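I opened this model to go through it feature by feature. My notes follow in the order in which I looked things up.

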Amino acid sequence: MYTGLQHLHSYMTYLVLAGVLISLLVALAGWFGNKPFTDKDRKLGLLGLIPTHLQWVIGVILYFVSPLGLDGATEGFMKNSVSRLYVLEHPLTMIIAVVLITIGYSRAKRMVGTGNGFKSIAIFYGIGLILILSRIPWNAWPGN
Ligand code: HEM
């Protein structure tokens with residue numbers, strides 16, 4: 001089960017990055033193009049939201065089965081940058097990113113018909129994407 005989840009988490013990262021990036025670019029184009037935010041645009045926001053949520057659930061399960069997750073929290077792990085990344089920084093930062101992306105989408109959902117939905121998605125997904133990129137274990141991903 002561990003190896004399967006590890007691979008799934010690794011491959012899902014492509015969908016997360018592509019989904020969030022597409023939603024973000026669409027939102028930026030709509031925002032700066034002064035277009036009204038339609039229900040179709042709301043659905044494009046789901047491209048970023050859905051894979052991110054799935055990834056979050058897989059990550060939480062992985063945290064309890066991977067030797068790099070909770071099991072890595074041995075004495076002095078904070079002094080080791082790799083252990084600190086997997087045990088603390090990666091999970092915490094990704095959870096904050098997922099929360100921000102969810103807030104951006106939820107706010108936008110209530111703004112269909114106005115221009116502000118694009119702004120909400122652009123800002124919250126943008127910050128979320130920066131956080132995700134900042135704490136991907138680049139030493140291990142995408143691998144060889
Ligand atoms: C948007 C959310 C997330 C993204 C994009 C993401 C991405 C990644 C990537 C790229 C790796 C390295 C995979 C590899 O070695 O090929 C990884 C590993 C890991 N992630 Fe996440 N992650 C996310 C959320 C989470 C969350 C919320 C948790 C835990 C609460 C988590 C726990 C882990 C663990 C424990 C590993 C190490 C797995 C292992 O190799 O044993 N991730 N993640």
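**Metal site**

I began at the ligand: the protein donors of its iron atom are His9 (NE2) and His90 (NE2), lying 2.0 Å from the iron. I note that the two come from distant parts of the chain, His9 in helix 1 and His90 in helix 3, 81 residues apart. Donors here are N, O and S atoms within 2.8 Å of the metal (3.2 Å for Na, K and Ca); water is not among the atoms, so sites may look incomplete.

I then checked the geometry. The arrangement is octahedral because the 6 donor atoms around the iron atom subtend angles of 86 to 179°. The rule for four donors is tetrahedral if all angles lie between 85 and 135 degrees; four count as square planar and six as octahedral if opposite donors are over 155 degrees apart and all others between 65 and 115, and anything else is irregular. Ideal angles are 109.5 degrees for four tetrahedral donors, and 90 or 180 degrees for six octahedral ones.

Are the two histidines buried or exposed? His9 is buried at a relative accessible area of 16%, and His90 is buried at 15%. Buried means under 20% relative accessible area, exposed over 50%, and partly exposed in between (1.4 Å probe, protein chains only).

**Basis of the model**

The model is predicted: local features need pLDDT of at least 70, side-chain atom pairs count only at pLDDT 80 or more, and totals for chains, interfaces and linings use all residues. Residues are numbered from 1 along each chain as its sequence is written, and side-chain values use heavy atoms, with hydrogens and water left out.

**Overall layout**

I counted elements next: the protein has 4 helices and 0 strands, in the order α-α-α-α from the N terminus. Helices (H or I, at least four residues) and strands (E, at least two) are DSSP runs, numbered from the N terminus. The C-alpha trace spans about 55 × 30 × 25 Å along its principal axes. Of the 144 residues, 40% are buried. Among contacts between residues at least 6 apart in sequence, 78% join residues at least 24 apart; contact means heavy atoms within 4.5 Å.

Helix 1 has 31 residues and reaches 44 Å from first to last C-alpha, close to the 45 Å expected at 1.5 Å a residue. The expected span is 1.5 Å times one less than the number of residues. Its buried residues include His9, Met12, Thr13, Val16, Ser23 and Ala27, and their cover includes helix 2, helix 3 and helix 4.

Asn34 lies in the loop between helix 1 and helix 2. Its phi is near 55°, a positive value in a residue other than glycine. I find Asn34 exposed, at 71% relative accessibility.

**Helix 2**

Helix 2 (residues 39-65) has 27 residues and reaches 40 Å, close to the 39 Å expected. Where is the kink in helix 2? I find a kink of about 30° at Leu47, shortly before the proline Pro51. The bend at a residue is the angle between axes fitted to the seven residues ending there and the seven starting there.

Among the buried residues of helix 2 are Gly45, Gly48, Pro51 and Gln55; helix 1 (2-32), helix 3 (81-109) and helix 4 (116-134) are among what covers them. Gln55 counts as buried at 11% relative accessibility. Leaving out residues up to four places away in sequence, Gln55 touches His9, Met12, Thr13 and Val16.

**Helix 4 and the segment after it**

Ile121 lies in helix 4 and counts as buried at 2% relative accessibility. Beyond four places in sequence, its contacts are Ser23, Ala27, Phe37, Gly45, Gly104, Ala108 and Gly126. Past helix 4 I came to Pro142, which a cis peptide bond joins to Trp141, with omega about 5°.

**Record check**

In an unreviewed entry, UniProt lists residues 12-32, 44-65, 85-105 and 117-138 as "transmembrane region". UniProt positions are given in the numbering used here, feature names are shortened, and annotations may be inferred rather than shown by experiment. Residues 12-32 are 100% helix and 0% strand, with end C-alpha atoms 30 Å apart. Residues 117-138 are 82% helix and 0% strand, with end C-alpha atoms 32 Å apart.
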